[in-house]
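Subject: Handing over the two-chain model

Hello,

Here is the structure I promised you. Please open it first, then read my notes below.

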Amino acid sequence: MPTNAGTSLSSYKHIVAIGTTVKSESLESAAYEIPRKRKMRSDSAAVSGNSVSTPKKLKSHRPSSVPNPGMSEKEVVEDSNEILRYPVNLAVSDCLGTKSKWSPRDEEQMRAVKEALHVSKAPSTILCREDEQIRIFEFVKGCIDQQKAGSLYICGCPGTGKSLSMEKVVQQVGDWSTQAGLPPVDTLSVNCTSLSKTTDIFSKILGEIKPGKNANTNSSPLQHLQNLFSQKQESSSSRMMLIIADEMDYLITKDRGVLYDLFMLTTLPFSRCILIGVANAIDLADRFLPKLKSLNCKPMVITFRAYSKDQILRILQERLRVLSYVAFQPKALELCARKVAAASGDMRKALCVCRSALEILEIETRGSTGPESQGPTPDDSVVRMDHMAAALSKTFKSPVVETIQSLPQHQQIIICAAAKAFRGSKKDATVGELNKLYLEICKSWMISPAGITEFTNMCTVLNDQGILKVGQARRDKLKRVSLRVDESDITFALQEIRFFRNCLL
Amino acid sequence: MAATPSSKAKTFQSPNKTPTNMYRKSYLSPSSTSLTPQTPETLTPLRRSSRHVSRKIDLGNDPIDLPGRESIQEINLTPRKRTTDVVAETLTTPKTKKKKKIDVEASFSPISPNRSETITKKKKKKKRVYYNKVEFDETEFEIGDHVYVKRREDANSDEEEEDPEIEDCQICFKSDTNIIMIECDDCLGGFHLNCLKPPLTDVPKGDWICQFCVVHKPPPLQGKKLAKRTMREKLLSGDLWAARIEKLWKQEVVDGGCVYWIRARWYIIPEETVSGRQRHNLKRELYLTNDFADIEMECVLRHCFVKCPMEFSKASNDGDDVFLCEYEYDVHCHSFKRLAQLVDGDSDSDQEWNGGKEKEIDSDDEEESVCADSKSKRGLTGVNTKGRIFGVEKVGTKRIPEHVRCYKKNELEKAKATLLLATRPKSLPCRSKEMEEITAFIKGSILDDQCLGRCMYIHGVPGTGKTISVLSVMKNLKAEVEAGSVSPYCFVEINGLKLASPENIYSVIYEALSGHHVGWKKALLFLNERFAEGKRIGKENEKPCILLIDELDLLVTRNQSVLYNILDWPTKPNSRLVVLGIANTMDLPEKLLPRISSRMGIQRLCFGPYNHMQLQEIISTRLKGINAFEKTAIEFASRKVAAVSGDARRALEICRRAAEVADYRLKNNNKTAKSQLVIMADVEVAIQEMFQAPHIQVMKSVSKLSKIFLTAMVHELYKTGIAETSFDRVATTVSSLCLTHGEAFPGWDILLKIGCDLGECKIVLCEPGEKHRLQKLQLNFPSDDVAFALKDNKDFPWLANYL
């Protein structure tokens, strides 16, 4: 899909989301050029109270699938306008009937859906992060305008679009500076995990500032940088530099020297660095760099919150909008969004779940082609709620019960013994004590017990499975064992077997 | 290099060094010295134009004719001027070589003949005399020189006669030395300048490709072409070998003569490496190996010149026998290593070596061991022994043919063979569902035009077929690739246990993708470019890459950056990377940092432990067609294993052991047993062996006093109910036991020693520190085990009363 359609489309969405909070200046900026007329219209749409989460609104994205009696006249017009306005969708609007004819048997279509849902495929615009993006952009713009250094720290949970937003901001800054006639901004994006040594970041920065002059052996790159920024330079080299350190917490050393030096670079009198650090920890700067506060160079912090269910739903819809057919039931998407938002708000996970739901459907249809080759019923051709529920349960369900049920008998006896032992206030025991309990159970049920070495082996296997926790000790016998799963889980898992039911009573 | 005389010229060979190094130098740039045959071609600057200078190895010809003279010179430390010694070059044909051989051998020895005489008298043929430089067939060979070596004895006899020194023109099939010849950079064929159409007057600069290679057609073959190949062609087609001389020595033989030997370090052509010829290999590229062999001097044909890339590019006029060697190849590990400035380093070490021990007399005993382990695959070098027997000939022992060794196996032996863990099963039962899932996953990822990166985590307890399932899926996929239904991909398999450190995984991956070995930091840089930024490594283009990491949990470092990087690549747009991770722990993703588990995705696959039905099926599919096991025996074994661990390896081991037990049983009472099958009792024995811990065996076999000691400990434990006891109390119990049963009490110190011995075996846990009366003791194993081990004791039946 051409990007112009995408941008304008999403800018429409963006206004819906943010409503009046959007500053007019940002709209005038290069990235947010929107015709006035459209803005008005979308504003009115927002006023009309279209919450994205309602199924009614969902249907509006696919006007052709089911004629919705609840849909207002305005929306219908809007939708058709939308389609007409974007030439790509024109073909779709021509054959409205074909839009729903998505079939999972068509490999080409399936591939397209999977691609749209893949993590690596960055959407042309980022929904639901406009506020943060604007703040970052404003910060960078302010720094460049005033020709002063600055530092910014971005934090948020994994999968909340931090790195993706940063890419977009860099793009925006580039566009803006060329439009404003400013010299281009040097940009250095470093993923700190890929540095082989933490101090390598300074040589990278130096290499960016002065390419080819890295053969300076007398002083370390850091000293060189500090010298460079503490003296006044001739105006020719007065280009600003944007440093983006992704996964910044990998720079934390024992004495926090590297991180500290990095932030201190921005405080030097003639520094031209705009430092943007990205990491998960919310209080990285507070925790590790309390000194910065006293020096008054504490970085500004922007937090990326975990996505809410509405946001996840909108992003998923946006991604699927590229396709000219319907692959997911709206309810199914909503279910996915709700579940993921409740668990972690991780967008990557939501995409994975959608994909695995799609695969479940694929397997189902492939299986059904064999027995009944005649025409598929139309309703099984999209991802329904049950597919999504299956995918979700595959992802989020705790595997403990099934694991316990599939264990060999003697290992089950060990768990049983452990559950009995830790029923009271006791929290852990040594391997020797547990072995005694195990032998007791074996004896009472006339089972020949396994030897002590075998027993220790089984304990290690259970440790690997995450059911027991075996501590460290010099001798096998003295290792401390504790249970890592809830006793009720064990009881539930083993209640099918009469032997253990009696055992656990 | 050492073109200048070194100041360390103390030893009597060092004056000689200057000239020898001059030889070397002369090979590099023959036109600079007067030694080269002054053919017109040597004057032209480009090296391809000088094909027929190859004869100049003969100019390795040292004019030193009389060994006596040379040794005198050396002793007198008279620096010789090479230029004055140059004599008319003689064309040595192989025929003359053979005739001259004996004279040459007799004629030369750099050390004084008297001395070597005395030595050989003292120890008959035990001595070897080592040299730095040997003149043989009027050619001087020195340590560090590169030579051609005959490959087989049978092949050389007739070919040697018509060994062309000069290559023929590919068009006129004549070898006219007066016309400048140009070499094609693609096929290495030689062309006379005036035979070309249109004829060239001058050698063009830069690469030149002949008309045949332009249209990708082989040049027309003439009948005699095959017979008259140059040595370079023979080497590159594998009919000759190239080697580096590592040692030179003379060995006396029984009938009075002496034979010269060299220790050769082989070069191989790219085709002989495990990866075959790669696209980046040059036509004249060789690999240095770590494969050595001792060969007789007679197999050495003549010099060739193997150079490092820098010299190779500089070498302009070196004729046909110039080769490039940039990497060392390990023939055992099949790995490549870049040679660090081969020539510089070598010349240094050579000098030192020359100065230090310039001749070395060694006894044969020490040498034998070296010979024994140099069993190289090239042992069958053309050693012309003529009935004489050398110890070194053991090198080429013939392998016993398969059909001689294999006799008719009976059913039990067949069963044992198929039950070996190393035997790959033909099919994998009970894992079809998991394999289907893996296949679907991989295919779904690589079949798309734009391969989308993904991760999958496979976990399960040991012995549940995780790795073998993935590998057999990959094998099936490979078959599909060959059939053309799946586009090609590259597959990298890494075992986390085999990495020296987690970071090394980068260099392993990079080496697998590109064939070059670099350090991990550099490899990380390259891989980041490859996966994150989409730059391609070399020519390995758009192929998707499947990375299988076994024992993934070993890659967890302190800050987990290795795993982060590897799992982050698939989320990049152009990575085309599919990662399959295998580990035992179920909850590895949960133990990792959230940012890593977020990137890992949700694709999980669990290999649960096998239940007894599955184990039974696995064993019976392995034993299909072999009637060696009773059905109940298999069931018994599988049930036993399934109850404890569900490990298929263990089940197979038990069955194999049971087959051995049955074999033994049937051989002992032959013909009395009615059935030749493995029965339940055999399995029972095998299980007893397998599951019964070794401590029972140890306790059964300890000395009588130790048994009494252990019994006393158990008794003490029963009496007091406290696990820990002191030596004092045990000793008292022992004495009372001895007293009541009429045994002699051995005394305290012996008892203390017994206690310590048991402590060493870890049957008893002793309190650390000095051994004394109040030392605390504790049984390391449950008292029931001790009781079980000591119960049916024939020496002291009364022990059972106390257990």
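**A buried glutamine**

A:Gln411 lies in helix H21 (residues 409–421) of chain A. Helices here are DSSP runs of H or I with at least four residues, strands are runs of E with at least two, and both are numbered from the N terminus. The model is a predicted one, in which local features need pLDDT of at least 70, side-chain atom pairs count only at pLDDT 80 or more, and totals for chains, interfaces and linings use all residues. Residues are numbered from 1 along each chain as its sequence is written, chains are lettered from A and ligands numbered from 1 in the order in which they are written, and side-chain values use heavy atoms, with hydrogens and water left out.

Is A:Gln411 buried or exposed? It is buried, because its relative accessible area is 2%. Buried means under 20% relative accessible area, exposed means over 50%, and partly exposed is in between (1.4 Å probe, protein chains only). Leaving aside neighbours within four places in sequence, A:Gln411 is in contact with A:Met458, A:Val461 and A:Leu462, and also with B:Ala643, B:Val644 and B:Ser645. Contact means heavy atoms within 4.5 Å.

**Chain A overall**

Chain A has 25 helices and eight strands. Of its 505 residues, 50% count as buried. Take the contacts in chain A with a separation of 6 or more: residues 24 or more positions apart account for 75% of them. The accessible surface of chain A is about 23800 Å², and carbon and sulfur atoms hold 53% of that. These areas come from the Shrake-Rupley method with a 1.4 Å probe; for residues, only the protein chains shown count as cover.

**A covered strand in chain A**

Look next at strand E4 (residues 273–279) of chain A. Seven of its seven residues are buried. A:Cys273, A:Leu275, A:Gly277 and A:Ala279 point one way from E4(A), while A:Ile274, A:Ile276 and A:Val278 point the other way.

Two strands pair if DSSP finds at least two bridges between them. Strand E1 (residues 150–156) of chain A pairs with E4(A) in the parallel sense, over six bridges. There, A:Ser151 stands opposite A:Leu275. Strand E3 (residues 241–246) of chain A also runs parallel to E4(A), joined by five bridges. A:Ile243 has A:Leu275 as its bridge partner in E4(A).

E3(A), helix H13 (residues 257–265) of chain A and E4(A) make a right-handed β-α-β unit. A crossover is right-handed if, with the strands pointing away from the viewer, the path from the first strand over the helix to the second runs clockwise.

**Chain B: a parallel sheet**

Which order do the strands take in the open sheet of five? The order is E15-E16-E17-E14-E18 (chain B), with parallel pairing. Strand E15 (490–495) and strand E18 (604–607) of chain B are the edge strands, each pairing on one side only. The twist averages 15° from one strand to the next.

Strand E14 (residues 454–460) of chain B runs parallel to E18(B), with four bridges joining them. B:His459 stands opposite B:Cys606 in E18(B). Helix H14 (residues 432–446) of chain B lies across E14, strand E16 (545–550), strand E17 (577–583) and E18 of chain B, at about 155° to E18(B). Helix H16 (residues 504–514) of chain B packs on the sheet too, touching E15 and E16 of chain B; its direction makes about 150° with that of E15(B). Axes are lines fitted to C-alpha atoms, for helices over the stretch in contact, and angles run from 0 to 180 degrees between N-to-C directions.

**Chain B: a helix with a buried side**

In helix H13 (residues 411–419) of chain B, the buried residues are B:Leu412, B:Glu413, B:Ala415, B:Lys416 and B:Leu419. They sit on the same side of H13(B), because they cover an arc of only 160° around the axis. The arc is that of the directions from the helix axis to the C-beta atoms. Their cover includes helix H21 (612–622) and helix H23 (648–668) of chain B.

**Chain B: a buried alanine**

B:Ala243 lies in strand E7 (residues 240–252) of chain B. It counts as buried because its relative accessibility is 0%. Beyond its neighbours within four places in sequence, its contacts include B:Asp145, B:His146, B:Trp266 and B:Tyr267. B:Ala243 and B:Asp291 are 48 residues apart in sequence and 9.9 Å apart in space, C-alpha to C-alpha.

Best wishes
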